Amino acid sequence: MSYYTYSDPSYTTYVTASTTSLGVGMLIAYGISLALCIVMIVALWKIYKKAGEHGWACLVPFYNNYVFYRMTWGNGWMFLLPVALAFGYTFSLLFLIFSGLAGEAILSLIMTLLAIGCGIASVVIYIITLHKLSKAFSHGVGFTLGLLFLPIIFYIILGFGSSKYVGPSAKNAIELM
């Protein structure tokens, strides 16, 4: 008697129905994700246009960050700070792995603290940048919290709403020069 010749039609139907519904669910999720990405791109395009920049700049990697930091900080080269922190984070994690393999406990602790510090600094810079964005459009701390926790909604508000770009605050622009 062979155990492989037995088939249950109800089991096969159940598996097929389950797989089909999973595929449909994934298709719906991808469709929603694509729609949200397109809405976000259009909102960023409008925000860049309100700031007097080229709208297409939001589509170009690295250049979009340069323009975004120029809009918020007053100096576009500030975008290199999070990039440097990302490199520091990656380097410290790689060094942590290799120092752990070598049995260096103190070095592992230092690299762990460095990685945690770079991660925290990146989050803090991101929050400050969002606050500077809301100040550049004459909004306050509440709008910053909205940008932080509900970014799609608040970027749509900035792009399509009546918010006017006033630029980075004069005090911050002077500090960066």
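**View 1. Met71 touches Ile47, Tyr48, Ala51, Glu53, Leu133, Ala136, Tyr165 and Pro168, leaving out residues up to four places away in sequence.** A contact here means heavy atoms within 4.5 Å. The structure is a predicted model, in which local features need pLDDT of at least 70 and side-chain atom pairs count only at pLDDT 80 or more, while totals for chains, interfaces and linings use all residues. Residues are numbered from 1 along each chain as its sequence is written, and side-chain values use heavy atoms, with hydrogens and water left out. Met71 belongs to helix α2; helices (H or I, at least four residues) and strands (E, at least two) are DSSP runs numbered from the N terminus. With a relative accessible area of 1%, Met71 is buried, where buried means under 20% relative accessible area, exposed over 50% and partly exposed in between (1.4 Å probe, protein chains only). Leu133, one of the residues in contact with Met71, lies 62 residues from it along the chain, yet 7.5 Å separates their C-alpha atoms.

**View 2. Helix α2 is largely enclosed by the rest of the structure, because seven of its ten residues are buried.** The buried residues of α2 are Asn64, Tyr66, Val67, Phe68, Tyr69, Met71 and Thr72. After α2 comes Gly74, which has a positive phi near 90°. Phe62 is not a glycine, but its phi is positive, at about 70°. Phe62 is also exposed, with a relative accessible area of 57%.

**View 3. The largest nonpolar core contains 27 residues.** Such a core is a set of buried Ala, Val, Leu, Ile, Met, Phe, Trp, Tyr and Cys residues joined through side-chain atoms within 4.5 Å. Met71, Leu133, Leu147 and Tyr155 have the most contacts inside this core. Helices α1, α2, α4, α5 and α6 are the elements that each give two or more residues to the core. In soluble globular proteins, nonpolar side chains tend to be buried together.

**View 4. The largest pocket holds about 330 Å³ of space.** On a 1 Å grid over the protein atoms alone, a pocket is an open set of points where a 1.4 Å probe fits, with protein on both sides within 12 Å along at least five of seven lines; lining residues have an atom within 4 Å of a point. Its volume is the space filled by probe spheres set on the points, which are joined across faces, edges and corners. The lining consists of 17 residues, of which Asn65, Phe68, Tyr69, Tyr126 and Tyr155 are the closest to the centre of the pocket. Two or more lining residues come from each of α1 (9-50), α2 (63-72), α3 (80-102), α4 (105-136) and α6 (151-160). Helix α4 supplies the largest share, five residues. By class, 13 lining residues are nonpolar, four are polar and none is charged; Ala, Val, Leu, Ile, Met, Phe, Trp, Tyr, Cys and Pro count as nonpolar, Asp, Glu, Lys and Arg as charged, and the others, Gly among them, as polar.

View 5. Beyond residues up to four places away in sequence, Ile125 touches Tyr69, Trp73, Leu81, Pro82 and Leu85. Of these, Leu81 is 44 residues from Ile125 along the chain, with 8.5 Å between the two C-alpha atoms.

**View 6. Thr144 lies in helix α5, which spans residues 141-149.** Thr144 is buried, its relative accessible area being 7%. Leaving out residues up to four places away in sequence, Thr144 is in contact with Ile127, Leu130, His131 and Ser134. The loop between α4 and α5 contains Ser138. Ser138 is exposed, with a relative accessible area of 51%, and has a positive phi near 65° although it is a residue other than glycine.

**View 7. The protein as a whole comprises seven helices and zero strands.** From the N terminus on, its elements follow the order α-α-α-α-α-α-α. Of its 177 residues, 27% count as buried. Among contacts in the protein with a separation of 6 or more, 52% join residues 24 or more positions apart. The protein exposes about 11600 Å², and carbon and sulfur atoms supply 76% of this area. Accessible areas come from the Shrake-Rupley method with a 1.4 Å probe; for residues, only the protein chains shown count as cover.
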